[in-house]
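Me: Hello! I am new to this structure and would like to go through it with you, one question at a time.

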Amino acid sequence: MRAQLRSTLRRIAVLGGCAVAFGARPIGAYAQAPRQQILAYSGQAVPGVTGARFGGIGTDFIDYIVNGIDNNADVVFAATYGTTSPYGSDRAYFRWTDNSQTLARIGDLSPVVESQLSRGGDVVYIGNGTDLISVSRGTLISSTAAGGLFAVNTAGDVVYRIVGGPSLAAYRNGFGPSLIAVQGGAAPGAGVTLPADTVFDGGAFAPSPAMNGAGNTAFSQPLSSAMNAAIKSGVFKEVASGGGRVLVAVAHSAMAAPGTSGAVFDAMLNSTAGTVNVRSIGFNDAGSVVFRASLVQTGGVGNSNDTGIWSDRSGTLALVAREGDAAPGTASNHLGSFEPAVINHNGRIAFLAHYAEAPILNQNLTVINAQQGIFTAAPGGSPSLVATSGGTAPFSQGAKFVQFDEGFPSHFLATDLYGGHSPSINGAGQSMVFLATLNKGTELTPDFTQAIFSVDPYGNNLPVIALGDAISPGGVPSTIAQLRFMIPGPSGNEDGYHSALNDNAAAIKTGRFVYQATLADGRDVMIESQIILKGDANFDGIVDVSDNQVVASHWLQTGMKLGTNGDVNWDGRVDISDIQTIAQNYLHDLLGTGAGAGTGATVGVPEPSCLALAACGLAGFVCMLTTRRGRDRCQHRFQR
């Protein structure tokens with residue numbers, strides 16, 4: 001053992017520091033999710049209902065029912081239950097409370113069109129087609145609400161559509177309902193100039209309005225003007241004014257599109273594939289919006305460059321990405337169509353885009369040109385690549401990304417590559433979570449799987465959980481057969497849309513997310529996990545000296561799941577390279593307050609700190625390799 005310790009010391013002397021590149025040898029299954037908690041599962045006894053057991057957990061057995069997590073890491077989900085197998089005769093909402101680790105039934109479900117959980121924990125749903133109800137407050141907000149997406153902010157304020165108008169209204173606590181816009185009503189001329197006769201138009205008003213923490217709303221809506229027939233739609237938002245708020249126009253068709261050398265907007269894009277129940281606009285607490293739009297095809301604008309993403313996060317409207325632009329991180333490729341983008345508190349934007357790549361062949365030898373990529377853009381920066389179809393997924397034994405959505409293709413078809421979701425993102429640097437389909441085989445002989453990936457604030461992309469991972473709800477072992485995350489789409493966490501990824505101001509509470517899995521034995525499971533922070537061996541949300549204790553206690557072990565038991569560099573072995581990884585990420589946290597947050601770069605710490613950290617790690621190794629008295633002394637040192 002002493003010889004082994006001397007060898008370790010020699011390696012440290014040769015390395016001379018911590019900013020050393022480290023490799024990975026993917027030799028096992030993906031890691032189980034850190035802080036994994038099974039919240040509910042099929043067959044589990046239902047709290048408060050004698051003799052009843054859960055049937056379906058968090059699935060889409062009711063249109064647009066979604067599962068949400070608030071900033072306190074409390075989770076709300078819908079489930080079926082009953083006293084007779086398969087336990088599916090009744091339906092209700094259930095809340096998992098993180099502080100008390102308890103599950104409770106909070107309300108039965110009448111026919112529900114849609115539900116959402118706010119960042120502050122308010123549950124709101126539309127029942128019987130029109131009744132907009134707050135479960136948390138026991139309040140009927142409106143009896144004239146329309147189906148489709150609505151938004152709920154941290155304070156429990158709601159923005160929703162009214163049927164029979166149609167119109168857009170908000171219910172704000174302490175003030176009650178108020179109209180924001182009415183079909184046929186005048187569109188505001190403030191912000192950007194609109195002709196005086198411009199009115200709100202369209203049969204379905206604002207299919208997916210957003211609401212931020214200040215209670216301000218944002219939406220896109222069809223427009224009409226006899227003075228300028230080219231004005232067909234616009235983007236609007238509320239801003240603070242004179243102690244209140246006023247609606248202003250952000251952009252509209254026929255207006256010059258920034259960053260396009262003279263092209264003009266044609267239409268604001270609400271959704272893809274004609275689906276109105278997809279959120280269309282990103283909005284944050286700072287009042288910044290992000291939206292997709294098309295351009296008029298004239299003067300060099302055609303099918304290959306007529307769509308893009310714009311945002312006013314810098315204070316003025318600017319182009320984020322345009323169809324036809326070079327696809328960052330890919331060789332000689334160009335961006336194509338975009339899925340709705342999301343924006344976080346810091347103004348970071350994330351989106352999924354399709355792009356043209358070198359053709360690949362499917363099993364029927366049909367050429368496919370479309371690929372998918374997840375991109376992110378920091379304020380003032382250009383988009384950068386996070387993950388791409390055709391790219392190798394990290395620590396996956398060579399598996400390739402195929403697509404980023406809830407789908408699970410049985411074979412390669414061009415249509416398989418045209419769906420997809422943008423990632424969910426929170427306010428910590430570039431932290432995000434996404435679900436991906438992967439191919440472990442080849443294009444001609446595919447072998448598909450699924451996994452959920454997280455990106456920490458420092459740009460590290462790591463798998464959280466995958467099909468085939470072992471799990472034992474209720475002590476009964478099984479494996480994961482299907483994953484579902486964020487139905488029907490993502491959130492930037494401040495837009496008022498449902499979110500499965502939270503955004504707390506405490507490292508131990510932030511980066512928590514919820515997803516549903518179906519097991520090989522047919523059971524459903526609701527699971528809560530946390531974004532993986534590279535170097536965080538004990539999963540407490542910060543990389544510090546305590547992570548060395550985990551490394552020391554598993555020193556030289558092999559055969560564990562990758563990323564667990566001190567294997568922080570994911571190479572299947574706990575050794576000095578894991579100490580290097582902790583040093584390279586020292587004091588990084590899930591809030592993104594450490595050096596390099598949001599840059600996507602691995603940032604080394606100053607040499608003295610690095611050496612001190614290595615010394616702490618070696619002290620742990622000495623404890624493990626010498627006497628029990630030494631181990632006890634060192635354990636006391638770590639705990640001080």
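**A guided tour**

Reply: Gladly, and here is a place to begin: R172 and E238 join their side chains in a salt bridge, at 2.8 Å from N to O. A salt bridge here means a side-chain nitrogen of Lys or Arg within 4 Å of a carboxyl oxygen of Asp or Glu. Please keep in mind that the model is predicted: local features need pLDDT of at least 70, side-chain atom pairs count only at pLDDT 80 or more, and totals for chains, interfaces and linings use all residues. Residues are numbered from 1 along each chain as its sequence is written, and side-chain values use heavy atoms, with hydrogens and water left out.

Me: How many residues apart in sequence are the parts that R172 and E238 tie together?
Reply: Helices (H or I, at least four residues) and strands (E, at least two) are DSSP runs, numbered from the N terminus. R172 belongs to strand β13 (residues 167-172) and E238 to strand β18 (residues 233-241), so the parts tied together are separated in sequence by 66 residues.

Me: Is E238 buried or exposed?
Reply: Buried means under 20% relative accessible area, exposed over 50%, and partly exposed in between (1.4 Å probe, protein chains only). E238 has a relative accessibility of 8%, so E238 counts as buried.

Me: Let's turn to the rings. What kind of aromatic pair do F338 and F351 form?
Reply: Rings of Phe, Tyr and Trp (its six-membered ring) pair if their centres lie within 6.5 Å; planes under 30 degrees apart count as stacked, over 60 as edge-to-face and the rest as tilted. By this rule there are 20 aromatic pairs. The F338 and F351 rings are 5.7 Å apart from centre to centre with 70° between their planes, and the pair is edge-to-face.

Me: How many residues apart are F338 and F351?
Reply: Both F338 and F351 are buried. F338 sits in strand β25 (residues 334-338) and F351 in strand β27 (residues 349-361), and this link between distant parts of the chain spans 13 residues.

Me: What kind of pair do the rings of F434 and F453 make?
Reply: Both F434 and F453 are buried. Their ring centres are 5.6 Å apart and their planes lie at 10°, so this pair is stacked.

Me: Which strand holds F453?
Reply: The F434 and F453 pair links distant parts of the chain, 19 residues apart. F434 is in strand β32 (residues 432-439), and F453 is in strand β33 (residues 448-455).

Me: What is the bridge partner of A151 in β12?
Reply: β11 pairs with strand β12 (residues 158-162) in the antiparallel sense, over two bridges. In β12, A151 has as its bridge partner V159.

Me: How many residues of helix α3 are buried?
Reply: Helix α3 covers residues 576-584 and is mostly covered. Its buried residues include I576, D578 and I582.

Me: To finish, what percentage of the residues in the protein is buried?
Reply: The protein has five helices and 38 strands. Of its 640 residues, the buried share is 57%.

How values were computed:
Two strands pair if DSSP finds at least two bridges between them.
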